Amino acid sequence: MSIDWAALGQVFGISLAVTVAMVGVFTLGIVGTSRKAAPEQGRTAAVPGGTVGASPLARTGAYACFAVCAAVVVYGIYLIVA
């Protein structure tokens with residue numbers, strides 16, 4: 001039995017890079033949907049509870065990040081099953 005170390009290294013490197021990228025994309029999604037602290041002074045009125053919801057653009061970007069993560073998971077399952 002022989003181990004192809006070059007192929008094993010490629011699989012490890014690509015798996016590590018994709019894992020780190022997906023964690024980053026998922027984190028962007030979480031940040032995009034999180035609530036922000038309301039400013040204490042400024043032009044906006046005080047908000048009860050002290051938080052402001054995410055902007056529509058940030059929420060749309062967050063949903064796009066979650067869609068990318070879901071697509072990568074589905075593609076990985078496809079590769080395993082096929």
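## Ground rules and overall fold

Helices here are DSSP runs of H or I with at least four residues, and strands are E runs of at least two, both numbered from the N terminus. Keep in mind that this is a predicted model: local features need pLDDT of at least 70, side-chain atom pairs count only at pLDDT 80 or more, and totals for chains, interfaces and linings use all residues. Residues are numbered from 1 along each chain as its sequence is written, and side-chain values use heavy atoms, with hydrogens and water left out.

With that settled, the protein has two helices and two strands, and they run α-β-β-α along the sequence. Call two residues in contact when heavy atoms lie within 4.5 Å. Take the contacts between residues at least 6 apart in sequence: 58% of them join residues at least 24 apart.

## How much is covered

Accessible areas come from the Shrake-Rupley method with a 1.4 Å probe, and for residues only the protein chains shown count as cover. On that basis the protein's accessible surface is about 6,700 Å², with 73% of it belonging to carbon and sulfur atoms. Buried means under 20% relative accessible area, exposed means over 50%, and partly exposed is in between. Of the 82 residues, 11% count as buried.

## The two helices

In H1, the buried residues are Met22, Val25, Gly29 and Gly32, and H2 is part of what covers them. In H2, look for Ala62, Cys65 and Cys69 as the buried ones; their cover includes H1. Gly24 is also in H1, but at 31% relative accessible area this glycine is partly exposed. Its C-alpha atom is separated by 10.0 Å from that of Cys69, 45 residues away along the chain.

## An aromatic link

Rings of Phe, Tyr and Trp (its six-membered ring) pair if their centres lie within 6.5 Å; planes under 30 degrees apart are stacked, over 60 edge-to-face, and the rest tilted. That rule gives two aromatic pairs. In one of them, Phe26 and Phe66 have ring centres 5.4 Å apart and planes at 55 degrees, so the pair is tilted. Since Phe26 belongs to helix H1 and Phe66 to helix H2, the pair ties together parts that are 40 residues apart in sequence.

Patches are built from residues with over 30% relative accessible area and no salt bridge; like charges are joined within 9 Å, and nonpolar side chains (Val, Leu, Ile, Met, Phe, Trp, Tyr) within 5 Å. A salt bridge is a side-chain nitrogen of Lys or Arg within 4 Å of a carboxyl oxygen of Asp or Glu.

Ile14, Val18, Val68 and Val72 make a nonpolar surface patch of about 300 Å². Helix H1 (5-33) and helix H2 (56-81) are the elements that give two or more residues to this patch. Ile14 lies in H1 and counts as exposed, at 56% relative accessibility.

Note on methods: Buried < 20%, exposed > 50% of the residue type's maximum accessible area, 1.4 Å probe, protein only.
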